[in-house]
Amino acid sequence: MKIVLRILKWTAIVLIVLFAGLAIAANMMYDRKYDAPYPDIKASSDSAIIAHGQHLVLSTAHCAECHFKPDDSTKVKNGEDFQLAGGGFPFLFPGGAFYSRNISSDKETGIGNLKDGEIARALRYGVKHDGTVLIPAMEYQNLSDEDLTAIISYLRTIPAVSHKVPDNDFNLFGKAILAFLIRPESPVKTPPAKMTPDTTAQYGEYLARFVSGCRSCHTERNPNTGAYIGEELAGGPFEQVKGDPPRMLYTANLTPDPTGVLHDWTFEKFRDRFHQGTSIPESVMPWFAFKKLNDTELMALWKYLHTIKPVHHDVGAYVQLIKK
Ligand code: HEC
Ligand code: HEC
């Protein structure tokens, strides 16, 4: 009996020491600095480049989805103009809260003081201007040099809006995730210098995977780390919807399988669906931004989605009660 108690006591001591060690390490490492190169990207004042950047920011790359300011949420829903002054909605997870930043050119509260290379590095290498890791919510690492240039060129034209977004806030669990599980995301291979918009499946793949984030939402992921765990573009549980009773939002299966949503659609139906905008109030798909996708982009996406591997996966309703 005595020996059992002694073993239990020592096990408890070892566990406490281990836990304390992990807690100290998490506290020390969650805001560690990473090295990444500054891409050689310079903002341009060419009006065609700025216009392309505006289309990417407000529509195709839907930056506006997260970087609006809380007061502007109704304007976003109604398709009116709004400011990219950040903080629109906090990303809440069991480890704490992240806030999207003010990306207007205000020098104090926005990105007016960041260099082009610092913004480019954040988007391409997932390392923020202060050297810490950017949470994996922004998957733009593989944007072409030309698209990255266009985006930054447009950001530079956004008038300054003074709006202080709260700092990120993490508990010990959140710090441990940042310290041990989240690493800056790099491009999968050297990003192309240029991707000319056309209606090919190849351009559609570039949009779906690297610009518009279709893959990032329509593939099941680990809710804490963001790691991909499901079949590519086959849909699945996305996140819990706010409110009671507990309900889960699902994304559609976009693969060319009979269980996929597109299997009996025509291109016209696909295009009309995008022009229609949000139909399910709980949905987080940035329909307001994708409403403005042009026909070239929609045709490219349509073609690409018909070249990917069919996955048999009946997602069911997009909003479902969570069974306890
Ligand atoms: C899904 C939501 C989301 C989308 C879409 C998004 N962002 Fe962000 N962005 C965030 C969040 C959240 C942060 C803060 C992350 C953090 O603190 O780790 C951020 C931070 C930033 C920063 C600050 C980086 C730094 O050095 O501090 C810039 C610049 C930025 N985003 C630009 C963009 C641009 C440009 C786009 C579109 C191409 C975009 N974002 C799309 C959520 C988003
Ligand atoms: C931020 C997450 C997110 C992104 C990014 C996203 N989707 Fe979705 N998508 C959803 C969710 C959630 C649903 C189910 C609810 C709904 O229909 O709005 C959905 C539904 C759909 C549907 C089915 C609509 C219907 O009426 O049945 C199609 C088609 C679709 N998405 C295509 C795309 C394409 C193509 C892209 C990239 C251009 C994309 N989605 C990007 C989250 C996302």
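Throughout this tour, a residue is called buried when its relative accessible area is under 20%, exposed when that area is over 50%, and partly exposed in between, with a 1.4 Å probe and protein chains only. What you have open is a predicted model, in which local features need pLDDT of at least 70 and side-chain atom pairs count only at pLDDT 80 or more, while totals for chains, interfaces and linings use all residues. Residues are numbered from 1 along each chain as its sequence is written, chains are lettered from A and ligands numbered from 1 in the order in which they are written, and side-chain values use heavy atoms, with hydrogens and water left out.

**Stop 1: the iron atom of ligand 1**

Select the iron atom of ligand 1 together with His67 and Met138, whose NE2 and SD atoms are its protein donors at 2.0 to 2.3 Å (donors are N, O and S atoms within 2.8 Å of the metal, or 3.2 Å for Na, K and Ca; water is not among the atoms, so sites may look incomplete). Histidine 67 lies in helix α3 and methionine 138 in the loop between α5 and α6, so the two join parts that are 71 residues apart in sequence (helices are DSSP runs of H or I with at least four residues, and strands are runs of E with at least two, numbered from the N terminus). The six donor atoms subtend angles of 77 to 179° at the iron atom of ligand 1, which makes the arrangement octahedral (six donors count as octahedral if opposite donors are over 155 degrees apart and all others between 65 and 115). Colouring by accessibility shows histidine 67 as buried at 11%, whereas methionine 138 is partly exposed at 24%.

**Stop 2: the shell around ligand 1**

Now widen the selection to the 25 residues around ligand 1, of which Cys63, Cys66, His67, Lys128 and Met138 come nearest (a residue is near if one of its heavy atoms lies within 4 Å). Helix α3 (64-67), α5 (116-125) and α6 (145-155) each supply at least two residues of this shell, and α3 gives the most, with three.

Among the polar contacts (pairs of N or O atoms within 3.5 Å), pick out lysine 128, which has a polar side-chain atom 2.7 Å from an oxygen atom of ligand 1, and asparagine 168, whose side chain places an N or O atom 2.8 Å from an oxygen atom of ligand 1. Isoleucine 135 instead uses a backbone N or O atom, 3.2 Å from an oxygen atom of ligand 1.

**Stop 3: the iron atom of ligand 2**

Move to ligand 2, where His218 (NE2) and Met285 (SD) are the protein donors of the iron atom, at 2.0 to 2.1 Å. Histidine 218 belongs to helix α9 (residues 214-218) and methionine 285 to the loop between α10 (267-276) and α11 (287-290), so this pair links parts that are 67 residues apart in sequence. Histidine 218 is buried at 9%, and methionine 285 is partly exposed at 22%.

**Stop 4: the shell around ligand 2**

Select the 24 residues that surround ligand 2, the closest being Cys214, Cys217, His218, Ser283 and Met285. Arginine 273 has a polar side-chain atom 2.6 Å from an oxygen atom of ligand 2, and serine 283 likewise has a polar side-chain atom 2.6 Å from an oxygen atom of ligand 2. The elements giving two or more residues to this shell are α9, β5, α10 and α11.

Methods
Polar contact = N/O pair within 3.5 Å; in protein donor to acceptor, adjacent residues only side chain to side chain. Tetrahedral: all angles 85-135°; square planar, octahedral: opposite > 155°, others 65-115°.
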